[in-house]
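Me: I would like to learn how to read the main features of a model such as this one. Please take them one at a time.

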Amino acid sequence: ATPMSVMVGVGKAAEAGVLIRNGEALQLASSIDVMVLDKTGTVTEGKPKVTDIVLINATDEHQVLQQVASLEAGSEHPLALAIVESANDRGIKVSKVQGFNAITGQGVEAELSGQRLSFGNLKLMQEKGVELGNAKEKAQQLAEQAKTPMYFAKDGKLMAIIAVADPIKTDSLSAIKRLQKLGIRLVMLTGDNQATAKAIAAQVGIEEFIAEVLPEDKAAKIASLQQSGAVVGMTGDGINDAPALAKADVGFAIGTGTDVAIESADITLMRGSLHGLADAVAVSKATLSNIK
Ligand code: ADP
Ligand code: MG
């Protein structure tokens with residue numbers, strides 16, 4: 001494309017709230033074969049809320065939430081914010097914990113009044129040797145409802161399950177349909193568990209998803225899609241997504257996401273909507289066909 005037509009394309013995209021950092025990205029966007037979408041904060045709003053507290057060996061819901069919120073007060077993860085907010089809403093005050101430790105892709109642990117508290121996913125419980133029994137099936141049921149279940153253990157004993165739900169952005173489904181009509185293969189990528197990922201993907205009409213991916217492995221998933229020769233786009237919002245955004249042929253950051261994601265991307269979707277992706281691809285295709 002000529003420099004003039006690229007400038008016009010960049011301007012058109014900007015009108016749709018799509019900021020394109022360089023002309024090369026605009027031209028590459030027209031040939032994207034596969035678009036990888038992060039789940040949390042990209043397909044969904046990224047604002048999870050507590051929906052269920054299931055008592056297993058605990059008897060006091062209030063106490064469970066108090067202890068888990070104290071544990072999560074040291075974490076900046078969206079799941080942690082959901083727990084702390086739920087405790088705040090109920091007027092619960094958090095306590096100071098000792099030896100706080102966040103385990104990437106698994107959860108958090110710390111000591112409170114001499115007791116060892118852990119909160120996180122199945123992997124974390126397996127590593128701590130916590131017996132789950134029937135609770136595993138309960139967690140599975142919650143996950144099939146598109147919720148994210150997390151286990152709470154005290155001194156190695158399972159006390160409760162807390163589930164959160166992260167609403168899907170109201171326009172994700174229609175934007176995904178537009179992308180599919182443009183001939184783009186969509187793959188959703190997430191650190192969340194299989195069953196939750198499957199339920200969310202189904203609700204927005206995405207057939208392929210890769211779940212339980214550790215943050216440090218996201219970029220490797222992009223590389224393996226590129227190996228077949230496909231031009232791969234990646235859309236994400238989090239710190240976790242930055243290496244994958246840089247690795248992709250075209251990286252798209254959600255404008256409401258973290259600065260690191262925006263800096264690692266070629267294109268920023270200022271409106272936070274996935275429609276910006278379809279707009280970017282459409283403008284790119286129009287730019288290239290005009291100058292042939
Ligand atoms: P994503 O941002 O895609 O959800 P993460 O790697 O951040 O992926 O998290 C993967 C999983 O690890 C979460 O779904 C959750 O089960 C568990 N996890 C991570 N951080 C926390 C936390 N602070 N509290 C509880 N669970 C957590
Ligand atoms: Mg995210």
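Me: How many residues of the shell around ligand 1 are nonpolar, polar and charged?

Reply: The shell divides into six nonpolar, 12 polar and three charged residues. Ala, Val, Leu, Ile, Met, Phe, Trp, Tyr, Cys and Pro count as nonpolar, Asp, Glu, Lys and Arg as charged, and the others, Gly among them, as polar. This is a predicted model, in which local features need pLDDT of at least 70, side-chain atom pairs count only at pLDDT 80 or more, and totals for chains, interfaces and linings use all residues. Residues are numbered from 1 along each chain as its sequence is written, while chains are lettered from A and ligands numbered from 1 in the order in which they are written.

Me: Which residues of the shell are the closest to ligand 1?

Reply: H77, G105, G107, N121 and G191 are the closest of the 21 residues around ligand 1 (C-beta atom, placed from the backbone, within 6 Å of the molecule). Elements that give two or more residues to this shell include α5 (78–89), β6 (115–120) and β7 (148–154); helices (H or I, at least four residues) and strands (E, at least two) are DSSP runs, numbered from the N terminus.

Me: Which domains supply the shell?

Reply: At least three residues come from each of domain 1 (3–45 + 168–290) and domain 2 (49–165); such bounds come from an automatic or database domain assignment. The centres of the two domains, taken over C-alpha atoms, are 32 Å apart. Domain 1 and domain 2 each put 11 residues into their contact (C-beta atoms, placed from the backbone, within 7 Å).

Me: Which residues touch the most other members of the largest nonpolar core?

Reply: In general, nonpolar side chains of soluble globular proteins tend to be buried together. Here V36 and L277 touch the most other members of a 50-residue core, defined as buried Ala, Val, Leu, Ile, Met, Phe, Trp, Tyr and Cys residues joined through C-beta atoms within 7 Å. Helix α13 (residues 275–290) gives this core its largest share, five residues. Another core, of 37 residues, lies apart from it and has A80, A110, L142 and I161 among its members.

Me: Is β7 mostly covered or mostly open?

Reply: Mostly covered: six of the seven residues of β7 are buried (20 or more other C-beta atoms within 10 Å of a residue's own, C-beta atoms being placed from the backbone; exposed is 12 or fewer, partly exposed in between).

Me: How does β7 pair with β8?

Reply: Strands pair if DSSP finds at least two bridges between them. β7 and strand β8 (residues 157–165) run antiparallel, joined by seven bridges, with P149 opposite A163. Two residues separate them in a hairpin, and D155 in the turn has a positive phi of about 45°.

How values were computed:
Contact = placed C-beta atoms within 7 Å.
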